[in-house]
Amino acid sequence: MFETLILMLDATMRVSTPLIFAALAGLFSERAGIVDIGLEGKILGSAFAAAAAAAIFGSAWIGLGFGILASVALAMIHGFACITHRGDHIVSGVAINTIVAGLTVTLSMYWFSMGGQTPTLSGDARFLSITLPFANALADVPVIGLIYSELLSGHNILVYLAFAMVPVTSWIIYKTRFGLRLRAVGENPHAVDTAGISVAFLRYRALIICGILCGIAGAYLSTAHNAGFLKDMSAGKGYMALAALIFGKWRPVPVLLACLLFGFLDAVAIRMQGVVIPGIGEVPVQAIEVLPYVLTVLLLAGFIGKAIGPKAVGRPYVKERA
Amino acid sequence: MGVPFKADELFLDMTNKTMPYAIELRDISKRFGAVQANKDICLQIPAGTIHGIIGENGAGKSTLMSIIYGFYEADTGYIEVDGKRVDIRSSQDAINAGIGMVHQHFMLVENFSVLENVILGAEGGTLLKGGINTARVELQRLAQEYSLDIDVDAIVEELPVGLQQRVEILKALYRGARILILDEPTGVLTPQEADHLFRILKALKEQGVTVLLITHKLREIMASTDNVSVMRQGQMVADRETVKTNKEELAELMVGKKVRLTVDKDDAEPSQVLLSARNLSQFDEQGVKRLKNINLELRAGEIVGIAGVSGNGQSELLNVLSGIEPMSEGEIHIADQVITSKNPKDAAQMRDLKMAHVPEDRHKMGLVTGFEAYEAAVLGYHNSKTYNGKILMHRKVMIDECNERMAAWDVRPPNPHLKTANFSGGNQQKIVIAREVEQNPDILLIGQPTRGVDIGAIENIHEQIVKLRDAGKAILLVSVELDEIMALSDRIIVMFDGAIVGELDAKDADERTLGLMMANAYNEEKEGESA
């Protein structure tokens, strides 16, 4: 039983990683006042760019670089529409998601002729698991050994990076000048403007960070978690991340916990497949797979009243009359 | 204009030579589309004085201050600070030039602490820690020097308005402002808080800070300023030394003497009371009392004009009387019915009681600008049997009627299918007024009937209003145009700060008296004369 739990938590970490990156990406964006429903598209775009570059250059790191570039480019398109031209954030975000969903498949068919996939990656073209020091030696120690060698050790570097990003984000948001201005611009851009700070430049910078984090999330999906790009492989992770962001009330640590909860449910769903529950029988796979989404809806419905986001989020900044 | 003091005034002349002005504006103009918000503004403000800028709402005061603070760029003209020309293109430039501003609507991040708000934009480093500590010490010093005590760790939204304003002042001072602009600072304050604010401003002045006080309240100008400039319709019309002027003169300058509108009308013959409001009050969402115990009666065959500087409760009064907003206290008696907060009637029900309403803002409330004229011409009466079949509306009836009205009211172009947005202001207004008047109401509430309307249309609209009165209707006219009030009304009621502060027979009204009443300075003035 204990071992099962550890294994499920282990899976939770892997599944949560892209959610954490994406939710933190959304946190930077929304704290700055830009609604980012395009997280999904950025993840997918990056997943494709990373897998394609990794396949061609044979390096996961180069893949990661291309993934980030693709994602930042998409973020800049979003910024150009929403910040420079004061467009509707949702429309721009949905447009990005739609374009990316089609473009990734089209490009991969054109370049790789594999029915919309990229070549399977192996070796250096993937992020491989890292075994922490003494993991093998400690494996036999009761309790601690299992936690250390199974749960903590044996993940790829991006998983560790995701968890490290939470305190880093927290520090940036709450302890730095940039963070103070970022939070202010999402609450009252007029206050920022009258303090002599450029609202647009600040928001663009927030979107660049958002793009980088989404880029890592996408690269993780195609070059670490899987071994190549598949059509629609982001599978709603961007929307789940957005839900986690709202559920965590736009604060780094609660957002992490929300991501872990969603990840855990996902892990449970995988684990429960084919399991026979006494008195009920075998639970259909679909019923379990739907669990995280049902819970998301329920949690959001229950908590949305209390979740008050940044005040100026989604509203284009216009100087009065100007 | 432009030079506020006569050259033969020795003392000021000396100031002029030995010390450059703290701030000097040269021929500042600013245009927003068709609106000339500021025209050739010149202004000189000696250092270390409190300078008042007074004018009606919409006179262009706030725009001018926004230009000084770099929020807007002037179309022409330039600004000098301490005798040196400065280019102010952004708020950052203004801050660098030592200019600070306390906005009418505070520019604060509400869920930040006082400290965070103060250092925003002046953090003094990449990390917050150093800046926060510096600010904590500096704020303590400022608090002692200017009696600006505040809990620096409090969250701004939990502070009362007076203290939030103090945060704004501290923000400016923390950035080293030597020139402080306050835009309508007392609008949101209680009298006690306002008094405290003026003590703070005096303390600032003693420390050499130059204060620009923007207001439309005469009392504040007289009580706290050294000099005062008057703005009207985007222009600076006068500069005075405060001790050498008085409320009457300022009121007259503010309101201005315009070309007298004349309306041919006989004396009114008011008969029975058609509407009476008793003790009517309304609170807004924040719990602020916007209407204060209004008592008024409307009689058949008279025009009652409500005068007042805009924003003193006239809009709320119209909204409550017309049923758009519920009242909080009091009652309205109309056509054998008593309307109270427990027994409210909405705008449609009020229309059924033969009360018509021409709203103040025709774009927001009077019309749907995307509608064609014939559609807009039935709004509010669109459920009437005249226009409706069992399922579909009678388009032909609506269009024919619209054609008739357009001819009768001289609406141009007389095209029922033109979108209302494409008519000029005057013609839009005619469509709205025709719609209400042609329903043959007993009572007509009419707000700003000629705002943005050209002269020809104004005469036409005025004639129609008088005609309606002569037909034995009761008319309540709300207008910020004193000329219009004086030309049309039989009886004039003056509102200030949500309350009725005076009532005059139109024959006894003159601009001076009304101006003083509108600034709520009439009684003080009379006391002053009798003393």
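Student: Which residue takes a positive phi in the hairpin of β9(B) and β10(B)?

Tutor: Q233(B) does, with phi near 45°, in a hairpin that has 2 residues between the strands. This is a predicted model, in which local features need pLDDT of at least 70 and side-chain atom pairs count only at pLDDT 80 or more, while totals for chains, interfaces and linings use all residues. Residues are numbered from 1 along each chain as its sequence is written, and chains are lettered from A and ligands numbered from 1 in the order in which they are written.

Student: How are strands and their pairing to be read?

Tutor: Strands of a sheet pair through backbone hydrogen bonds, either parallel or antiparallel. Helices (H or I, at least four residues) and strands (E, at least two) are DSSP runs, numbered from the N terminus, and two strands pair if DSSP finds at least two bridges between them. Here β9(B) and strand β10 (residues 235-241) of chain B are antiparallel, with 6 bridges; M231(B) stands opposite M236(B). Strand β3 (residues 50-54) of chain B runs parallel to β9(B), joined by 4 bridges, and H51(B) stands opposite N227(B).

Student: Why is strand β9 of chain B described as largely enclosed?

Tutor: A residue is buried if 20 or more other C-beta atoms lie within 10 Å of its own, exposed if 12 or fewer, and partly exposed in between, with C-beta atoms placed from the backbone. In β9 (residues 227-232) of chain B, 5 of the 6 residues are buried, so the rest of the structure largely encloses the strand.

Student: In which order do the 6 strands of the open sheet in chain B stand?

Tutor: The order is β16-β17-β18-β13-β19-β20, with mixed pairing. Because β16 (355-358) and β20 (499-505) of chain B each have a single partner strand, one side of each is left without a neighbour in the sheet. Within the sheet, β13 (residues 302-307) and β18 (residues 474-478) of chain B pair in parallel over 5 bridges, and G305(B) stands opposite L477(B).

Student: How many residues of each chain are in contact?

Tutor: Two residues are in contact if their C-beta atoms, placed from the backbone, lie within 7 Å. By that rule, 22 residues of chain B are in contact with 18 residues of chain A. Helix α3 (residues 91-96) of chain B gives the largest share of the chain B side, 3 residues.
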